[in-house]
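Visitor: Could you take me through this model, setting each value against the definition behind it?

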Amino acid sequence: MADDTITIFDTTLRDGEQSPGCSMDTDEKVEIAGALVELGVDVIEAGFPIASPGDFEAVQRVARTYGERAVICGLARCRTEDIDRAWEALQDAKNVRIHIFLATSAVHREYKLKMAKEEIVRRAVDMVKYTCDRMASRSDITRPNVEFSPEDAARTELDFLCEVVEKAIAAGATTVNIPDTVGYATPNHYFKVIKTLKEQVPNIHQAVISTHCHNDLGLAVANSLSAIEAGARQVECTINGLGERAGNAALEEVVMALRTRQDYYGVRTNINTPRLYPTSRLVSSVTGMAVQRNKAIVGQNAFAHEAGIHQHGMLQNRTTYEIMRPQDVGFVGTNLVLGKHSGRHALRDRVQSLGYQLDEETLQKVFDDFIALADKKKEIYDADISALVENRSHET
Ligand code: KIV
Ligand code: ZN
């Protein structure tokens with residue numbers, strides 16, 4: 001990948017599925033994987049094969065069905081049995097990656113792993129090498145695609161993080177992912193973490209730096225963008241921001257921020273952006289997780305304008321109040337919502353698009369009726385407008 005291209009690593013089927021209430025069966029996962037391929041994601045993390053027979057089956061089917069069109073990835077802890085299981089599920093994919101992780105922060109070392117720093121480094125190195133060896137058993141794989149994640153990296157001492165990352169790369173990791181596992185980072189803090197790795201890890205240029213941000217403080221997208229500014233070239237994200245607790249960075253928001261502010265970031269992605277909205281709808285209907293109405297990019301209100309002044313501006317030139325075109329994210333339908341904040345310009349426009357020609361006097365009467373109705377009703381539909389127009393037209 002060129003240095004100005006950001007790899008989009010989608011983990012809807014793995015971290016996204018870890019959202020409470022979001023589990024998916026194999027058919028559903030294969031259907032979503034198909035949509036992700038159409039969307040143009042580069043890497044699909046299809047699951048955690050050792051977690052359950054169902055997860056194994058889903059990863060295997062996604063690998064067999066879509067392994068020619070995207071890189072299919074499976075997650076494993078730094079244990080040989082996990083890595084073997086992941087490889088078994090993935091081995092039929094033409095393009096394949098194994099993602100292994102091991103926590104590095106003091107709190108995880110002490111309470112979860114009960115391992116000293118030296119043991120962590122040794123285990124990480126051994127397991128990266130083990131994964132490379134397993135994958136290299138396939139004759140067409142010359143450089144195994146292995147990702148290593150120091151879990152809870154954002155809360156890990158920076159000097160220790162640099163050491164682990166350097167040794168994982170020396171052992172063969174081709175991507176080093178820097179998870180903000182508990183969504184603790186802030187944009188400046190995360191920028192500093194990535195920049196320090198870039199500047200202080202001597203072999204860092206041999207691997208891609210990746211971001212994996214959770215949204216506990218609502219900063220996952222901002223942190224991911226900050227990491228890109230510091231030199232990260234892969235973003236891990238999910239459709240609709242699904243994921244553990246408050247979720248992961250939302251794919252659609254990261255992608256549209258990079259596209260809309262190409263002038264600032266100077267990077268691109270391979271995402272076919274008009275597929276964003278349909279993919280969001282699919283994931284929402286499969287998981288049963290509704291998308292909040294005012295969610296950026298894919299929420300029902302994302303391109304809706306109700307205020308009269310805004311609607312007037314929009315009718316003159318859309319860029320007055322829109323920084324993205326709805327069709328660029330696959331959003332179709334009307335977006336001037338008629339409500340009590342709307343003005344005469346928007347009403348005239350809607351009346352005309354419904355096929356009516358009214359003189360100014362009748363339009364004013366219809367507008368008065370409309371305002372009275374809007375005080376009682378949250379949204380005014382086209383059928384309401386037609387009824388108001390018909391009513392006044394019969395007077396003349
Ligand atoms: O949040 C996290 O740390 C993870 C790892 C498995 C990458 O999901
Ligand atoms: Zn995660």
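Guide: A residue is near a molecule or strand if its C-beta atom, placed from the backbone, lies within 6 Å of it. This is a predicted model in which local features need pLDDT of at least 70, side-chain atom pairs count only at pLDDT 80 or more, and totals for chains, interfaces and linings use all residues. Residues are numbered from 1 along each chain as its sequence is written, while chains are lettered from A and ligands numbered from 1 in the order in which they are written.

Visitor: Which residues surround ligand 1?

Guide: Ligand 1 is surrounded by D15, L75, F101, S149, E151, N177, P179, T181, H212 and H214. Two or more residues of this shell come from each of strand 5 (146-151) and strand 6 (175-180), strands being DSSP runs of E with at least two residues, and helices runs of H or I with at least four, numbered from the N terminus.

Visitor: What makes residues of the shell around ligand 1 nonpolar, polar or charged?

Guide: Ala, Val, Leu, Ile, Met, Phe, Trp, Tyr, Cys and Pro count as nonpolar, Asp, Glu, Lys and Arg as charged, and the others, Gly among them, as polar, so the shell divides into three nonpolar, five polar and two charged residues.

Visitor: Why is the crossing of helix 1 and helix 2 called right-handed?

Guide: A crossing is right-handed if the near helix is turned clockwise from the far one by less than a right angle, and left-handed if anticlockwise; the crossing of helix 1 and helix 2 is right-handed, and therefore belongs to the clockwise case. Helix 1 (residues 26-39) and helix 2 (residues 53-66) pack at about 35°, with axes 9 Å apart, where axes are lines fitted to C-alpha atoms over the stretch in contact and angles run from 0 to 180 degrees between N-to-C directions.
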